[in-house]
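Hi there,

Here is the structure I promised to pass on.

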Amino acid sequence: MTPANPTDAGSKAAGTNPTIPRAARRGRHLLEPPIGASRRSQRALDWFTFFVADVQTGFGPFISVYLTTHQWTQVDIGLVLTAGGLAALAFQMPGGLILDAVRSERRVAAFAMIGISVSALVLALWPIFPAVLGAQILHAAASCVLNPAIAAISLGLVGHAAVGERFGRNARFASIGSGLAAAGMGATGYFPVEPGGLPGHRAIDRSHAHRPRAYPGQPDRSGPGSRRAGTRAHRHHVRCAAHAPDQPLAGDLCRCVGIFQLANAAMLPLMASIVTMRSSTWATTLVAACIVVPQLAVAAISPTVGRWAQRFGRRPILLLGFGAMPVRGLLFMVVTDPQLLVAVQLLDGICAAVFGVLVPLTIADITRDTGRFNLAQGIVGTGIGIGASLSTTLAGLISDRLGSSVAFLGLACIGAAGFLLFWLLMPETAERKDDRKLLPSGRK
Amino acid sequence: MVLDDQEVSGIVGKSVRSNADEDMGRIVDIIVNQDGHVRAAIIDFGGFLGIGTRKIAVDWRVLKFSPAGKPGGITLELTRNQVRVAPEYKRGEPLVVLGPAGPERTTTPSTDAATPER
């Protein structure tokens, strides 16, 4: 249903978009002219992505710092984070189904935004257990439709032919948004305001006005509970995938990206913890740099990545992203100099840019004729979620028993397995001739 | 019994600073032995926005409450260099407590919290 919806959204937003009968969904790409979305719509989407990323940054690992300042115990914090994580997994596919079914993704995105705002307000005003639990679940549900909705709106706005570049722009603005939010929260955090809650409050309020790069939570988030639910969600996914036989590739992509996340998600927290241990005076700055440097890299290169994906195809770029992962793990294993670690984080930026752009792009490719863009996003999102939540647990276990070097080596091996799996499973999904022909020439 | 909230307060979530006024993280838990005597505080140290923090157990005796000039403040009489290299606190594992003697530490089973360093 997606191809029809983004067109609805797009035609209202862009004004210039020809209305395509919903009945013409199948094979619609044949009817789809190179759509010239208005500058205004493109700009609006830029800023929407920016602010969404901005807000979501406040819901990352920072939540546990915030709740600690409100005298929450570690057990309670672990509980609400796990509940939020489980909800995020469980809502992925229903979120996709809802988006596929509704007429206007924009309206859903607006509701999701309201949900996230309410959740932020509740966290700021009533940091008590039931309220925060509800807020975390509400936030998870809203996020599960918001990010796919942005991708669907993008697709509707510019059409398949130019959406690679559009996803690149999304990744750029999302990354600027979360980078600025992190910088702002870091800056406010430095003013020693007591009693405790204030800096946190302010950061949440600020963020009230975030994304694939949400830094996956701490170990608390992925206790045995989440593993169980992971299996359940996985089974569910297998069922859903079986019900959508027109997109077996979505399942393959889900597995590949899930394994990538299994290698990826724990790497930054593990490395940041090592930086905290190794470096004295500059630790905080270095950890901040390790977070911000990849964001800057994503902001710098993702539009180019989108353009390359349209020019050279998806497969080589994705192979580059999958290939960067084991290299990063091995470098983290051997590099000890903290400054060099920050440089290695550039590889994280490359991975993040490649996946931020190419994952929605590949999903758009493989669901081109099916109208199940959002369901496929949900399936792949579930894979990402399972991989990410198992990653920290796994890396934590290895690192405790065998040391961080072995943990990095293990993550690198998983990354290499992801690379191989992708190499074997996934074909080129772009319709290269079309794309080349339709590539807009007048981009900046 | 009624206590003035100016005189007493909860401790979880309070931030801790060093003698040199560096940020030493926040208290996230308190460790007691089987008699209920407070042995150590767990501080969440380092990192940025919750990423890369390390939970470190510090001896209760190296925490100074309301030090001169800072009523209500908590000072940790250890340096960042001592704290950062300490092994991380893990529930259910032997507890390594950073004691007043500095980086020297004693490992004891967590069932019995910690034994005094000296």
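Let me begin with chain B: starting at the N terminus, its elements follow the order β-β-β-β-β-β-α-β-β. That comes to 8 strands and 1 helix. Please keep in mind as you read that this is a predicted model.

The chain has 118 residues, and buried ones account for 40% of them. I also looked at its contacts between residues at least 6 apart in sequence: 33% of these link residues at least 24 apart.

Chain A is built from helices, 18 in number, with 0 strands. Of its 444 residues, 60% are buried.

Now to where the two chains meet. Chain A brings 29 residues to the contact, and chain B brings 23 residues. On the chain A side, the elements that supply two or more residues are helix 4 (62-69), helix 8 (163-190), helix 12 (267-278) and helix 13 (283-312). Which of the helices of chain A gives the most to this side? That is helix 12 of chain A, with 7 residues.

The side of chain A that touches chain B has 15 nonpolar residues and 13 polar ones, along with 1 charged residue.

Best wishes

How values were computed: Residues are numbered from 1 along each chain as its sequence is written. Chains are lettered from A and ligands numbered from 1 in the order in which they are written. This is a predicted model: local features need pLDDT of at least 70, side-chain atom pairs count only at pLDDT 80 or more; totals for chains, interfaces and linings use all residues. Two residues are in contact if their C-beta atoms, placed from the backbone, lie within 7 Å. Helices (H or I, at least four residues) and strands (E, at least two) are DSSP runs, numbered from the N terminus. Ala, Val, Leu, Ile, Met, Phe, Trp, Tyr, Cys and Pro count as nonpolar, Asp, Glu, Lys and Arg as charged, and the others, Gly among them, as polar. A residue is buried if 20 or more other C-beta atoms lie within 10 Å of its own, exposed if 12 or fewer, and partly exposed in between; C-beta atoms are placed from the backbone.
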